[in-house]
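I opened this notebook to keep track of what I looked up, entry by entry.

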Amino acid sequence: MFAIVSPSINKETKTNDAFDGEINRVAVDNSGRIGLLYDGHRDRILEQQNIFNLETSTQIIRSIRCTLTKTKSESSQNILKIIGVEPELRLSILLNLTKKIESFVNIDHSHPINEYTRSIVYSYLDREEKIAECPEEEKLLNKPLILDSTATHVITQVVYGTDFSVILQLPNVWNFVEDIDRVLNKLLTLFKDQQKTCTLTEDDKNILDKIVQTKVYSNIPQMRNITTIYDIYRYIQQNKNTSSNYPISYSIRPIKIVNPQYDRENEKFIRIPREIHAIIEDYVVQIRVDMEQIEKLIARDITDLSRKHLKKQFGAIENRWLDVKNKFDNEIQQISKLVLNIRSGKIENIMSHQILNHSDQIMMITNLNGLKQNIEQIKAKETFIRYMNQREFQYLNAAEYKIGETDDGKLIKYKLVENDENTYILCSSDRLNKNNSEKLQNVISDLMERAEKNSNSRLIYADFSDCTFQLSSITILLPPKDTQEKTIEPAPSSSPQSAVEPDNPISNSMNADRLNAPETLKATTIDETINILLLGETGVGKSTFINAFANYLTFETLDEAETDKPFVLMPVSFLITTGDNFEEHTVEFGGLTDSSNEDFSHAGQSVTQRCKSYTFQMGDTYQTELRIIDTPGFGDTRGSEQDDMNMQHILEYINNLTHINAICFLLKPNSTKLNIFFLSCLTQLFSLLDSNALNNIIFCFTSARSTFYTPGDTAPLLKKMLTSLSIGSVPFRKENTFCFDSEAFRYLVARQNKIQFDNNEKQEYEMSWKTSVSESKRLVDYIRKDVPVYRIEKSIQSMKHAQFEILDMARPILETIRNILRNLILQKMTSFKVSIILRPKVNLCSGVHCLVCKPDLYFVGTFPVAYHPPHIVQQDRCGCGCPLDQHTPMDYVLQYEVSNDGSIESEKQMSDMLYELCYSSAEFAYFLLHVVCCTNDDPFFIGFAQMIAEECDITNRKMSSQLNTQLADDLRQLGKRYEERLNEIVQ
C-alpha cells in the first residue's frame, strides 16, 4: 500500500471520541425510508425490515438551489468532491464499502478536469419527512430489540425532490467557451426561475451543442442517461409540477436515540481524522483516475494491428495491467479494513506510518507510469507500421523468426522470406530509427523507387527492436540479382548494460543511406565524423548552403542530380524570377510543415531558430560521415540582445561537443560592410575556445559566380577586421577560403518544382555546379588533411567553461537545498528517523523538460513531490503540444529513496550544509552576473522562485497542506538569505 503520512499529523493522531450527533448523507441508495437501519461504518442501508414503526411528519419545502462553477486548470479529479458528496461517504464509495450507489453508477469522467470544465449543481427540495414530534416517553422504544449486527444508526429524516449534478466539458476554443458560458448563465437563471422570465433561443441551443461531453449524476434514474444540458433543462421544465418520490438526502442518528436499551459496542461510530482521511482519499482518487485512464487507453488505442504484430509487447501490457489491478484491489481491501477499524473504535490511536506503505506506493506509481509509457510506445510503433504499410512495406517482427546472435545476412534473409528472390528487406530497430530519422526516410524513398521499376518486387520492413540479434546500423538486404547486395554483420558483443544504452548518433549512424554504399557495413567512430560549425549573418543563406553542399558532394554533375533524387537535409524556401516578364515563383523544398526549426515568415529574423546538426554520408570517395552544425544567424533584426542570446545558445551547444574539425564563416562576396556583430561573434566564440582553434577557421563565400568565384570586395573588409582582433592571428588565405554558387542548387530545386529555364541558363548552372563540386571536394580534403582536429576538453579552460559548469550545477545545487529542507522538516514534524535521499538517474532517452506542463504528483514517504516526466521531441515537435522554446534539456530525472537506517545527519549538520550551499550559490551567481556578465537573469534566484511556486502548487492541488506549505516558507526564508549574501558580495 501507499506509504503516505499526512504532513499535519505530528507524531501520532488520536481519533475522535464516538460521534452521537446527527449525520447527513447524500442518498446514493434511494431505498432509504424513515426507521430503516443504517451501517455507518460502511455507509449502507440495511435490508432489515423497518421494526421501529415511528410516526412521521411531512413538511413541504419546494425550494430551488442551483450553482454554476468554473473549474481551474489542473483542478482536482475527484468527481465525488466536485458534485458535493460528504467526505465520509466519498471515502466509503471510493473503497467500495457501500453496496448500492444508484445515482453514481459510473463515477468516472473521461476528460480531465481543467479550465474547460463546468459543473452545474441543482437541487429542488420538494418535501421533508422526519420523526414526528411527540412526548419523550411515547417517541422512544424502551424494549430491547434484536437488530442486524452491523447496524449503527437509524434513518430519522428523508428529504425528497430532484437533484442532479452535471459535469460539462467545453471545447478548448476560447471564443466558443465565452459563448457557452454566456448561455450557461442564462440557463442557470431559467433553472432558478420557474416563471420563465427569459427563454433559450435557437442560437443558444446551437451554442450548447458545441459542448464536448455532458455527464449527469442524479437521484432520478431517468436523468442519468441524458446526454445534453438542453435535454436536462427540458426534463426539469416538464416535471416541475410533479411531486418527486426519490430521496435526495438522509439524516441518520445512533440507534439508542430511538431505543435507549440498545447499547452495543458495534454501534460506536468514530469519524476518520481529517488528516488521515485526506491522505487516503487523495491516494485512492489519484490511482483510480490513472487506472481508468489506462483502461481506456488499452481499450481505445491498442488496435487489432498492434495485437497482431506486437503480440509480445501487448501480452506484457496485459500481464502488467492484471498485476496492477490485483495489487490495487489488495490495497483497497487493506485500506478498507483500516477505515472500518477506525470507525468502529477498534483502533483508537493511529500512527501516521500505519496508514499506507511507501515501497508499495513507489511500486504502484512506477507500474502505472510504466504502463502509460508502454501504451504510448505501442501507439507510436503502430503509427510507424501504418506509415510503412502505406508505402507498401510489409511489417515483420524479427523477434518471431528465431534469428540468432551469430546469424549472417543470408541466413537472416532466409529465415525472414525463405527463397523469395524479389524482396527488398529494410532491417532496423526503434533506436536506430530514432537516431537516424532523416537517413531512414532516404532509404525508404530509394527502396520505393527501386521497387517501382520491378512490378514483381516486394518491400519488407524487418523490425529488430526486440530481437536478440543486435543491429549496429540500419541495413538493406537486396535480392540476389542486385549486384549491390548489402549484408548484415553481427554487432560486437556487449554487456547487458550496454545493450540497452541508446546509440550514439555518430557511431551508430546509417551506412546504407544510399544504395551505392559499400558491401560491408560498419559503424563510424567519432574521429571519422567531420564536425563543421557553420556561422554567418542572418540571410546569408546557411540553410540553402547546407543542402547545396550535401548535393555537391553527392552528385558530380547537375544532370546526375536531376536524374536522381536530391538530398533533403533541411527545408528551404526562396523566391525566383524567370522569363522576360520576370515571373515570380515561390519555391519550397523539403516539406516546410515538418520542421519548426526553420521560420520563413519573419523577414530579417534568423530563419534557423536554434542549433541543429545535419549529418550525412559522403559516399564512395571519402567513406566519412560529415556533420554540419547549423546555427542561428547573427545580425538579427530583433536587435543585439537577440544576437547575444543566439550566441549564448551556440556556445552552450559547442561545449557539449567532443571535437570540431572546422569553424566555417559563411559570407557573401562584394559586401560593402561587415555586420558589427561578426566581430562580437568571433570574440565570444574564443572566450570558450583557445587560440589553437584559430587554425580551424575557414571562410566560405556563397553566390560567388558573380565575382568569378572570388571573395570580391568582402576580402579587404574581412582582412581589416581580422587584424583588429585581440584573440590572435586568424588565417585568411587561398587554402582556407572556398567559393560556391548556391544558385546552381536553387536551379535544381526549381526544376524539381517544374519551373522552366532556357538552354543558356541551364549551361550556366551546369558550369556553376561543376565549380561548386570542385570547391566542395577541396574543402573536405583541406579539413581532413591540413587541419588538426580541435578537441573540446571537459576540464575548465576558460571563464566561459566555468560559466557553463556553474550553469550545469545550478539545478543539482537547488534540488539538494530543497531536499535538505525536506529532511529538516521531517525531523521537526515527525518522530520517525527517516530521511529522503536524492537518486538522480541519467536520462537516456534524450528527453526535455516542459516549462508549461504541470508535473505529476506522488508521495515519497510522507512528502508529496512533483515528478517531471521527460518529454520526447520528434520531428521538431513535442508530444505535449507546447511551444518548442518552452522546453529545456533534461540530462537526468530526479528519483528519491526513503532511508530508515537512522544514520541521517543531525539538524546542525544539515543546517551547516544548507547555508554553505546557499552562500556558494550566491558566489556562483556573482561570477555569472558581474564577472563574466553572461546574463541578466540569476539562475539561482529563478530556481528558488520555481521551487516555491511548485510547492505552492502541490498545496493548492490538495495533495498535502502542512509539509509543502512549510517547505515553501523555508525556501522563501533561504531565498532571502541568498539575496542578502549576494548583495554583500556585490557591495
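Predicted model: local features only at pLDDT ≥ 70, side-chain atom pairs only at ≥ 80, totals over all residues.

**Entry on cysteines.** I looked for disulfides and found that the structure holds zero of them, where a disulfide would need a pair of cysteine sulfur atoms within 2.5 Å. For Cys427, which is in no disulfide, I noted that the nearest cysteine sulfur belongs to Cys467 and is 9.7 Å away. Because its relative accessibility is 26%, Cys853 went into my notes as partly exposed.

**Entry on backbone angles.** I reminded myself that most residues other than glycine have a negative phi. I then looked up Asp43, where phi is positive, near 55°, in a residue that is not glycine. Asp43 sits in the loop that runs between strand S3 (37-39) and strand S4 (44-45), and I recorded Asp43 as buried because its relative accessibility is 4%. The other case I wrote down is Asn96, again not a glycine, with a positive phi of about 60°. I located Asn96 in the loop between helix H2 (87-94) and strand S6 (117-131).

**Entry on strand S9.** How many residues of strand S9 are buried? I found six of the eight residues in S9 (residues 247-254) to be buried, so the strand is largely enclosed by the rest of the structure. Looking up its pairing, I saw that strand S2 (residues 23-26) runs antiparallel to S9 and is joined to it by four bridges; from the S2 pairing I wrote down Val26, whose bridge partner in S9 is Ser249. Strand S7 (residues 153-169) also pairs with S9 in the antiparallel sense, over seven bridges, and I noted that Val154 stands opposite Arg253 of S9.

**Entry on helix H15.** Among the buried residues of H15 I listed Lys542, Asn547 and Asn551, together with Phe545, Ile546, Phe549 and Tyr552.

Definitions and conventions: Residues numbered from 1 in each chain as written. Heavy atoms only, no water. Helix = DSSP H or I, 4+ residues; strand = E, 2+ residues; numbered from the N terminus. Buried < 20%, exposed > 50% of the residue type's maximum accessible area, 1.4 Å probe, protein only. Pairing = 2+ DSSP bridges.
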